[in-house]
Amino acid sequence: MNGSVDVHFINVGQSVSTLIVGPSGETMLVDTGHYRDDGEYVLEYLKAHNITRIDYLVTSHNDADHIGGNAQVIEYYETQANGIGAVYDPGIAASTQTYQAYLDAVEQYNVTLYETRAGDQIPFKGVNVSVLGPPEPYLEDGARNENSIVLKLGFGQTSFLLTGDAEQAEEEYLVNTYGDRLNVTVLKAGHHGSASSTGTALLDVASPKAVIVSSGWNNQYGHPATETLERLAARDLPTYWTATHGTIVLTSNGTTVTVKTQQAAPTDPMALRDGEPIEPGTLTGVEIRAVLRGSGDWQAPTTTTSTDSTTTVADGGVDPTTLDVVDVQANAPEGQPATAEYVVFKNTGNATLDLGGWTVADSADHTYTIPDGVTLPPNETITLHTSVFS
């Protein structure tokens, strides 16, 4: 597997915006934040990360808290940067000024707009991007949340599921249609962690190793809902929340996913609110918090029915192991050698990890490879002293 994929869950408050940078440098932006911010947080983040073109702009659905920056992003990239490749939209209109401004920008700058449905593929170089929803015909008489564009991103043995604001009806459709093919490494909680999303059936088939929640601190809706957090806690799922962890960057090398966040905060679902809030739009750097093991390749279904026996799924089994960073000594104390710098990893899963061949990289571009044959039992730790494991 050549290169890596970065998935950025940008801290945009009570909203969502996800940037994906593929191994070839192509980019995808899913949603653009809240209308109250007019895309400011998203554009500042993209500029800070030298994103000069958006190859694929995906609108999960046309609620104003998801398309708030669409018009501004299109205008900026079409007039001051290298353009928008194409826009992907579920095709259900909204009667808002934000939606009209978005359509006006598409028309003004002659950007290609695709109505996107289950079974479509987005031709992202080096990444398998399958569109799992909405179906034809639409669900629930065309309700916008229940017809969100749902994406599954596959890269090597790692995968990510982005469900927009899908609620009970679309989740039921996904489970009934795809079943275990929804198995992923990381799941973005639907509808900002609301009680009506990220239900038991979806969690059971997706079996993620971590969950991302994008919503604002102390928001008026109570997101993430206690019911949702209880479902995550019952499965011991590490949960990262943009309100306390800040922007969350997941980097996949095809075998593992490294989790980096702006701020250290609890990942126990029932303790999320014990973390300190971080302001939306904050542009500080991210640090490594955990490494997740992938769970096998996933191929797009050849049909939209779950009974098709010709669909191929490679190693869809669940790997419950998780590697967490539990201690870091970034700078050697005065008078001590460089080997006094270390990082401690702990296997917080319930199965032994085979670490042979895994790599650890630091901000100075040093890379350390764990020798073959090194394993880590559950609840045990391993320490990297600069370049020596113990």
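1. Start with Tyr41. Leaving aside residues up to four places away in sequence, Tyr41 touches Val12, Pro280 and Gly281, where a contact means heavy atoms within 4.5 Å. Tyr41 sits in helix α1; helices (H or I, at least four residues) and strands (E, at least two) are DSSP runs numbered from the N terminus. Pro280 is 239 residues away from Tyr41 along the chain, yet their C-alpha atoms are separated by 7.4 Å. With a relative accessibility of 25%, Tyr41 counts as partly exposed. For that label, buried is under 20% relative accessible area, exposed is over 50%, and partly exposed is in between (1.4 Å probe, protein chains only).

2. A word on what you're looking at. This is a predicted model, so to speak of a local feature we need pLDDT of at least 70, and side-chain atom pairs count only at pLDDT 80 or more, while totals for chains, interfaces and linings use all residues. Residues are numbered from 1 along each chain as its sequence is written, and side-chain values use heavy atoms, with hydrogens and water left out.

3. Now the overall picture. The protein has seven helices and 24 strands. Of its 390 residues, 56% are buried. If you take contacts between residues at least 6 apart in sequence, 67% of them join residues at least 24 apart. The protein exposes about 16100 Å², and carbon and sulfur atoms supply 44% of that; the areas come from the Shrake-Rupley method with a 1.4 Å probe, and for residues only the protein chains shown count as cover.

4. Back to α1 and its partner. How do the axes of helix α1 (residues 40-48) and helix α2 (residues 70-79) cross? They come within 9 Å and cross at roughly 35°. Axes here are lines fitted to C-alpha atoms, for helices over the stretch in contact, and angles run from 0 to 180 degrees between N-to-C directions. At the contact, Val42, Leu43, Leu46 and Lys47 of α1 meet Gln72, Val73, Tyr76 and Tyr77 of α2. By class, that makes six nonpolar, one polar and one charged residues. In this scheme Ala, Val, Leu, Ile, Met, Phe, Trp, Tyr, Cys and Pro are nonpolar, Asp, Glu, Lys and Arg are charged, and the others, Gly among them, are polar.

5. What covers α2? Its buried residues are Asn70, Ala71, Val73, Ile74, Tyr76 and Tyr77. The cover over them includes β3, α1, β4 (54-58), β5 (84-89) and α3 (97-108).

6. Next, have a look at the open sheet. Seven strands make it up, in the order β7-β8-β9-β10-β11-β12-β13, with mixed pairing; two strands pair if DSSP finds at least two bridges between them. β7 (121-122) and β13 (239-241) are at the edges with a single partner strand each, so one side of each has no neighbour in the sheet. Inside the sheet, β9 (residues 150-155) and β10 (residues 158-162) run antiparallel, joined by five bridges. Leu153 stands opposite Phe160 in β10.

7. Helix α4 (residues 168-178) packs on this sheet, touching β8 (128-133) and β9, and its direction makes about 120° with that of β8. Eight of the 11 residues of α4 are buried, so the helix is largely enclosed by the rest of the structure. Among the buried ones are Glu170, Glu171 and Tyr173, and the buried residues of α4 pack against β8, β9 and α5 (200-206).

8. Another strand to check is β16 (residues 287-293). Five of its seven residues are buried, so β16 is largely enclosed by the rest of the structure. Six bridges join it to β15 (residues 256-261), and the two run antiparallel. Val259 stands opposite Ala290 in β16.

9. The peptide bond from Glu136 to Pro137 is cis, with omega near 0°, and Pro137 is in the loop between β8 and β9. The bond from His223 to Pro224 is also cis, with omega near -5°. Thr198 isn't a glycine but has a positive phi of about 55°; Thr198 is in the loop between β11 (186-188) and α5 and is buried at 1% relative accessibility. Ser207, also not a glycine, has a positive phi of about 45° and is buried too, with a relative accessible area of 17%.
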